[in-house]
Amino acid sequence: MKENVVQRKSFLFAIRIINLYKYLTAEKKEYVLSKQVLRSGTSIGANIEESIGGQSEKDFLSKLAISYKEARETIYWLKLLRETDYLSNQEFESIIEEAEEICRILAKIQITIKTRLGI
């Protein structure tokens, strides 16, 4: 069986997000933004998993669209954490690259499916 790259990347990203949440709450005593980034950052992979079990290509596409939106939201929270000095530029750069890569992959998959479906 061929490895699902976006499935693997989103899972590893979720682990990084969970560790970031632990760091932000324990070290920085930040509880509001960290909860938001935890929710959206782990939701990306959860929706990808749901898409894999989709009942149709349209269902698959719908779940991928949700994953994409969650990835965009995660980028927003990460930017806020950087701009409010909860994340250093180095910490931010190391994790934002992964989030943006996942967005690019999800966008390309959506374009391919929409083209195939004539949407």
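Arg82 sits over the face of Phe92, 4.1 Å from the ring centre. Such a charge-over-ring contact needs NZ of Lys or CZ of Arg within 6 Å of the ring centre and within 35 degrees of the ring normal. The model is predicted, so local features need pLDDT of at least 70, side-chain atom pairs count only at pLDDT 80 or more, and totals for chains, interfaces and linings use all residues. Residues are numbered from 1 along each chain as its sequence is written, and side-chain values use heavy atoms, with hydrogens and water left out.

**Helix packing**

- Helix H2 (residues 32–52) packs on helix H3 (residues 57–83) at about 160°, with axes 8 Å apart. Helices are DSSP runs (H or I, at least four residues), numbered from the N terminus. Axes are lines fitted to C-alpha atoms over the stretch in contact, and angles run from 0 to 180 degrees between N-to-C directions.
- That angle makes H2 roughly antiparallel to H3 (the term applies over 145 degrees).
- H2 passes H3 in a left-handed crossing: the near helix is turned anticlockwise from the far one by less than a right angle.
- The contact of H2 with H3 has 13 nonpolar, eight polar and five charged residues. Nonpolar covers Ala, Val, Leu, Ile, Met, Phe, Trp, Tyr, Cys and Pro; charged covers Asp, Glu, Lys and Arg; the others, Gly among them, are polar.
- H3 and helix H4 (residues 89–117) pack at about 160°, with axes 9 Å apart. That makes H3 roughly antiparallel to H4.
- H3 passes H4 in a left-handed crossing. By class, their contact has 18 nonpolar, three polar and nine charged residues.

**Aromatic pair**

- One aromatic pair turns up in a search of the whole structure. Tyr76 and Trp77 form this pair, edge-to-face, at 5.1 Å centre to centre and 70° between the planes. Pairing needs ring centres within 6.5 Å (six-membered ring for Trp), and edge-to-face needs planes over 60 degrees apart.
- Tyr76 is partly exposed because its relative accessibility is 46%. Trp77 is buried, at 15%. Buried means under 20% relative accessible area, exposed over 50%, and partly exposed in between (1.4 Å probe, protein chains only).

**Positive phi in loops**

- Lys29 has phi near 55°, a positive value in a residue other than glycine. Lys29 lies in the loop between helix H1 (5–26) and H2. Its relative accessible area is 52%, so Lys29 is exposed.
- Asp85, also not a glycine, has a positive phi of about 65°. Asp85 is in the loop between H3 and H4. At 63% relative accessibility, Asp85 is exposed.

How values were computed
Phe/Tyr/Trp six-rings, centres within 6.5 Å; stacked < 30°, edge-to-face > 60°. Helix = DSSP H or I, 4+ residues; strand = E, 2+ residues; numbered from the N terminus. Parallel < 35°, antiparallel > 145°, perpendicular 65-115°, else oblique.
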